[in-house]
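Hi everyone, thanks for coming. Please have the sequence and the model open while I talk, and stop me whenever you like.

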Amino acid sequence: PLLSDREQWMMAIENLLDNQIRYAVHTVSLTLQINSFSTIVLRIGNDGPAIEARLLPHLFQAFHHGQKGEFGLGLSIVKRIITLQGGTIEARNEENGVTFILHIPIHHG
């Protein structure tokens with residue numbers, strides 16, 4: 001199956017969308033791309049402020065204070081779910097906001 005644990009993936013995506021909505025000024029964007037039938041690349045972005053450079057390396061760590069003083073448990077849970085499913089996640093400051101990029105393996109079977 002494509003997503004081995006649908007409930008876990010739903011939790012991760014909902015958490016990322018909530019996060020992007022919280023920081024967006026006007027827009028949240030989603031793009032989905034399939035790379036050579038082995039990986040899905042999901043990009044979830046917003047047009048809000050950039051993440052401080054000092055916070056980027058710690059963004060997915062539990063109990064690390066974020067820009068609005070939150071503890072970051074949500075993003076640490078997201079990373080754990082994605083990692084357990086064989087995927088990866090990264091956050092990037094873009095020209096017009098912040099984008100989270102997920103690389104999700106396609107499980108054939």
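Let's begin with a question: how many salt bridges does a search of the whole structure find? The search comes up with three. By salt bridge I mean a side-chain nitrogen of Lys or Arg within 4 Å of a carboxyl oxygen of Asp or Glu.

Before I go through them, a word on the source. This is a predicted model, where local features need pLDDT of at least 70 and side-chain atom pairs count only at pLDDT 80 or more, while totals for chains, interfaces and linings use all residues. Residues are numbered from 1 along each chain as its sequence is written, and side-chain values use heavy atoms, with hydrogens and water left out.

Now the overall layout. The chain has two helices and four strands, and along the sequence they come in the pattern α-β-β-α-β-β. Of the 109 residues in the chain, 32% are buried. Buried stands for under 20% relative accessible area, exposed for over 50%, and partly exposed for in between, with a 1.4 Å probe and protein chains only.

The accessible surface of the chain is about 6800 Å², and carbon and sulfur atoms account for 57% of that. Those areas come from the Shrake-Rupley method with a 1.4 Å probe, and for residues only the protein chains shown count as cover. As for contacts, meaning heavy atoms within 4.5 Å, take those between residues at least 6 apart in sequence: 54% of them join residues at least 24 apart.

Please find strand E4, residues 97–105. Eight of its nine residues are buried, so E4 is largely enclosed by the rest of the structure. Which strands pair with E4? One is E2, residues 39–46, which runs antiparallel to E4 and is joined to it by eight bridges. Another is E3, residues 88–94, also antiparallel to E4, over seven bridges. Pairing here requires that DSSP finds at least two bridges between two strands. If you want landmarks, Thr39 stands opposite Pro105 in E4, and Ala91 stands opposite Phe100 in E4. E3 and E4 also make a hairpin, with two residues between them.

Stay with Phe100 for a moment. Rings of Phe, Tyr and Trp (its six-membered ring) pair if their centres lie within 6.5 Å; planes under 30 degrees apart are stacked, over 60 edge-to-face, and the rest tilted. By this rule there is one aromatic pair. Its partners are Phe60 and Phe100, edge-to-face, at 6.0 Å centre to centre and with 80° between the planes. Phe60 sits in the loop between E2 and H2 and Phe100 in strand E4, so the pair ties together parts that are 40 residues apart in sequence. Are these two Phe residues, Phe60 and Phe100, buried or exposed? Both Phe60 and Phe100 are buried.

Asn19, in helix H1 (residues 6–23), touches Leu75 and Phe100, leaving aside residues up to four places away in sequence. Asn19 is buried, at 10% relative accessible area.

Side chains of opposite charge can pair when their charged atoms come close. Glu94 and Arg43 meet at 3.2 Å, N to O. Glu94 belongs to strand E3 and Arg43 to strand E2, so this pair ties together parts that are 51 residues apart in sequence. Glu94 is partly exposed at 32% relative accessibility, and Arg43 is partly exposed at 28%.

Arg54 and Glu52 form another salt bridge, at 2.9 Å, N to O. Here Arg54 is exposed, with a relative accessible area of 58%, whereas Glu52 is partly exposed at 36%. Then there is the bridge between Arg92 and Glu90, at 3.1 Å, N to O. Arg92 is partly exposed at 38%, and so is Glu90 at 28%.

Last stop, the surface. Met11, Leu73 and Ile77 form a nonpolar patch there, with about 240 Å² of accessible area together. Patches are built from residues with over 30% relative accessible area and no salt bridge, joining like charges within 9 Å and nonpolar side chains (Val, Leu, Ile, Met, Phe, Trp, Tyr) within 5 Å. Leu73 belongs to helix H2, residues 73–84, and is partly exposed at 39%.

That's my tour, so over to you for questions.
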